[in-house]
Amino acid sequence: MTDTIARPGKIIAIHLSYASRADQRGRRPAAPSYFFKPSSSVGVSGGTVERPAGTELLAFEGEIALVIGTPARRVALADAWTHVAWVTASNDLGLYDLRANDKGSNVRSKGGDGYTPLGPHLIDARTVDPTALRVRAWVNGELRQDDTTAGLIFPLAQLVADLSQHFTLEPGDVILTGTPAGSSVIVPGDVVEIEVDAPDASGSPTSGRLVTTVTQGHVAFDETVGSLPAVDDLQRTEAWGSAEAAGLVEASPTLSSALRAKLLEAPTAGLSAQLRKRGHHSCFIDGVTANIPGSKIVGTAKTLRFVPFREDLFASHGGGYNAQKRAFDAVEEGEVIVIEARGDATTGTLGDILALRARTRGAAGVVTDGGVRDFDQVADIGLPVFSQGAHPSVLGRRHVPWKVDVTIACGGATVQPGDIVVGDGDGVIVIPPALAEEIANAAIAQEHEDAWIATQVEAGHPVDGLFPLNAEWRARYEAETARQNETAPHTETGTNA
């Protein structure tokens, strides 16, 4: 049985409220901000929602909906929850194709018919702890979202108290309390299910699953009366949840232990020579040197981009859990954090705390075409860092931390997430992943050849014809190599009983 949910007088939705979603978006708001949805957007469980003709980015958002029970006007935070009568599930659907021209109001992108399905059942707000609710979302039976109100930046009661400072919340009004990470694009034929429950409460009350099926619309928007659907890569990234999910970047390849060992054996000079033989002449990250003499790094690139300092952009992107902190918190074992600092060495791009975090996470190292703060302490931590040297200033002098996991420019080289980065005393190079195995094998083979040439030079032979090998010397080299391979001991492997 489905509970009856009357059409609300007001639907107020918050832009960003879960820490997981904020981290995904790269910004944490200092205070909640809101938008209105029309009451005509309300739908019911088992209904359909149309993706309009000519659009591609319809996205679901599983949310906890609060239904106001008694009027609330300028209520205190301690009393705010008493004005909530019911809790249920909602799907705050949105069409990113229409988002740009409405900016934060979301009038058209979030206001479509059926874009706010609610239900199917109401949970008595008096029987649950607002800090211990759970919201989950499934698409075609696959779990996509799973978070609790413990992950909220702004507690549910705060939203009620905050909104009541500005207008009266009336019985039946609905507050949509935001969505956690995992929201993504849905297409015609997809079935979305949202459930809100209180697993720790007596009886484990639940809203049941709110079911919505996506259909394809066939009526195009009238181009003579208003803005038309338009998408770009930013909208695709935000709608899908990441550039990778949107198909804008390839998934980062795994660097096998065998390939890593080969790249550690091969010097960057030899690797770069093999890249140049294959037409890759822009593989060098110029102007950087190691903070620890003799150190070598091999790993896949995790990229971080800084943009030039601007006061308003630093205010919105420089504080809180910014892109710089997210990069160092998310770096995986064996990855190299590569930072675009536009070759500006007059400020630090990391310091000892972030270096310690990277080392603890198992990062292979850091490459930055900017400066390093706490230079000696970073070296003492043992994290290999290739940079333009030391500088004592803080981040906000020249840079705004902008974005993680995007294509960047570092020291004159283009670096994409997942590129292979190798650095030693000769410098740092970037290898396209598809070429890494071939390049490593060729560089090691060349190293063996160069070592044989060195023995001949030590024996007194002139370099003419020997370096590089002419036909006569190459025949001698290949014959001696073949003899060594024939006499080399062979290791048999087996299983002991």
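Is Glu340 buried or exposed? With a relative accessibility of 11%, Glu340 counts as buried (under 20% relative accessible area is buried, over 50% exposed, in between partly exposed, using a 1.4 Å probe and protein chains only).

A word on the ground rules. This is a predicted model, where local features need pLDDT of at least 70 and side-chain atom pairs count only at pLDDT 80 or more, while totals for chains, interfaces and linings use all residues. Numbering runs from 1 along each chain as its sequence is written, and side-chain values use heavy atoms, with hydrogens and water left out.

**The whole chain**

The protein chain has 13 helices and 26 strands (DSSP runs numbered from the N terminus: H or I of at least four residues for helices, E of at least two for strands). Its radius of gyration is 29 Å, well over the 23 Å that the globule rule gives for 497 residues, so the chain is more spread out than a compact globule. That radius is taken over C-alpha atoms, and the rule is 2.2 Å times the number of residues to the power 0.38. Along the principal axes, the C-alpha atoms fill a box of roughly 100 × 65 × 50 Å. Of the 497 residues, 48% count as buried.

**Strand E6**

**Salt bridges**

The count comes to 27 salt bridges, each being a side-chain nitrogen of Lys or Arg within 4 Å of a carboxyl oxygen of Asp or Glu. Here are some of them:

| Pair | N to O distance |
|---|---|
| Arg21 and Glu61 | 3.3 Å |
| Asp405 and Lys302 | 3.1 Å |
| Arg305 and Glu340 | 3.8 Å |

Arg21 sits in helix H1 (residues 19-25) and Glu61 in the loop between strand E5 (58-59) and E6, so this pair ties together parts 40 residues apart in sequence. Arg21 and Glu61 are both buried. Asp405, in the loop between strand E22 (399-404) and strand E23 (408-410), meets Lys302 of strand E18 (residues 297-308), so parts 103 residues apart are tied together. Asp405 is partly exposed at 33%, but Lys302 is buried at 8%. Arg305 is in strand E18 too, and links to Glu340 in strand E19 (residues 335-340), 35 residues away. Arg305 is partly exposed, with 32% relative accessibility. There is also a salt-bridge network made up of Arg134, Arg136, Glu193, Glu195, Asp197 and Arg209.

**Thr215 and its neighbours**

Thr215 belongs to strand E15 (residues 210-216) and is partly exposed at 28% relative accessibility. Leaving out residues up to four places away in sequence, Thr215 touches Thr48, Val49, Glu50, Arg51 and Pro188, where contact means heavy atoms within 4.5 Å. Pro188 is 27 residues from Thr215 in sequence, yet their C-alpha atoms are 4.6 Å apart.
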